[in-house]
Amino acid sequence: MKKEVDVVGIRRDIFYRQIGAKIAYYRTLYGMEQSQLAEKIHISQSTLSRIERGKYGENISIAMLLDIAEGLEIDPSLLTTFTGLEKEMWRYKTY
């Protein structure tokens, strides 16, 4: 019997990791430490670390993404806009 695969869960995991990577990228680009950004947006460094690793999961809110974007002084759409290559990673192949 074949094991059922949670395709939606896999896609979400990839999506959250990509958002986290974008946050880490822009934070690093602007020379900020995790602790600096976390303090600026009033969350713990461990929470920011989990978000950047894509391990914050479904608990991340639009409000938190907006706070992060504001803390980085970037347009929030930069965190949720994906290239064709990034979108290609969402496709789960079962072969």
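This report describes the fold, core, aromatic pairs, salt bridges and surface of a predicted model.

## Overall architecture

The protein has six helices and zero strands. From the N terminus on, the order of elements is α-α-α-α-α-α. Of the 95 residues, 35% count as buried.

The exposed surface comes to about 6700 Å². Carbon and sulfur atoms supply 54% of that area.

## The nonpolar core

The largest nonpolar core has 20 residues. Those with the most contacts inside it are Ile23, Leu37, Ile51, Ile60, Ile68, Leu72 and Leu79. Helices H1, H2, H3 and H4 each give two or more residues to this core. H4 gives the most, with five residues.

Leu72 illustrates the packing. Leaving out residues up to four places away in sequence, Leu72 touches Ile23, Tyr26, Arg27, Tyr30, Met32 and Leu37. Two of these partners, Ile23 and Leu37, are also on the list of core residues with the most contacts.

## Helix H3 and its cover

Helix H3 spans residues 45-52. Its buried residues are Thr47, Leu48, Ser49, Ile51 and Glu52. The cover over them includes helix H1 (7-29), helix H2 (34-41) and helix H4 (62-72). After H3 comes Gly54, with a positive phi near 75 degrees.

Glu52 lies in H3. Its relative accessibility is 11%, so Glu52 counts as buried, the cut-off being under 20%. Beyond residues up to four places away in sequence, Glu52 touches Gly20, Ala21, Ile23, Ala24, Arg27 and Gln34.

Gln34 sits in helix H2. Gln34 is buried too, with a relative accessible area of 17%. With residues up to four places away in sequence set aside, Gln34 touches Arg27, Gln45, Leu48, Ser49 and Glu52.

## Aromatic pairs

The count of aromatic pairs comes to three. One of them joins Phe15 and Tyr16, edge-to-face, with 6.0 Å centre to centre and 65 degrees between the planes. Another joins Phe15 and Phe82. This pair is tilted, with 5.3 Å between centres and 50 degrees between planes.

Phe15 lies in helix H1, and Phe82 in the loop between helix H5 (77-80) and helix H6 (84-88). The pair therefore ties together parts that are 67 residues apart in sequence. Phe15 is partly exposed, at 28% relative accessibility. Phe82 is buried, at 10%. Phe15, Tyr16 and Phe82 form one aromatic cluster.

## Salt bridges

The structure holds four salt bridges. Asp13 pairs with Arg17, the closest N and O atoms being 3.0 Å apart. The two are four residues apart in helix H1, so about one helical turn separates them. Both count as partly exposed: Asp13 at 29% relative accessibility and Arg17 at 39%.

Lys22 and Glu86 form another bridge, with closest N and O atoms 3.4 Å apart. Lys22 is in helix H1 and Glu86 in helix H6, and the pair links distant parts of the chain, 64 residues apart. Lys22 and Glu86 are both buried.

Glu73 and Lys40 also meet in a salt bridge, at 3.4 Å from N to O. Glu73 lies in the loop between H4 and H5, and Lys40 in helix H2, so the pair ties together parts that are 33 residues apart in sequence. Glu73 is exposed, at 66% relative accessibility. Lys40 is partly exposed, at 40%.

## Surface features

Tyr25, Leu29 and Tyr30 make a nonpolar surface patch of about 340 Å². Tyr25 is found in helix H1.

Glu39 belongs to helix H2. Glu39 is exposed, with a relative accessible area of 63%. The C-alpha atoms of Glu39 and Gly71 are separated by 9.4 Å, while the two residues are 32 apart along the chain.

Definitions and conventions: Residues numbered from 1 in each chain as written. Predicted model: local features only at pLDDT ≥ 70, side-chain atom pairs only at ≥ 80, totals over all residues. Heavy atoms only, no water. Buried < 20%, exposed > 50% of the residue type's maximum accessible area, 1.4 Å probe, protein only. Areas by Shrake-Rupley, 256 points an atom, 1.4 Å probe, with all protein chains shown as cover. Contact = heavy atoms within 4.5 Å. Phe/Tyr/Trp six-rings, centres within 6.5 Å; stacked < 30°, edge-to-face > 60°. Core = buried A, V, L, I, M, F, W, Y, C linked by side-chain atoms within 4.5 Å. Patch = residues over 30% accessible without salt bridge, like charges linked within 9 Å, V, L, I, M, F, W, Y side chains within 5 Å. Salt bridge = Lys/Arg side-chain N within 4 Å of Asp/Glu carboxyl O.
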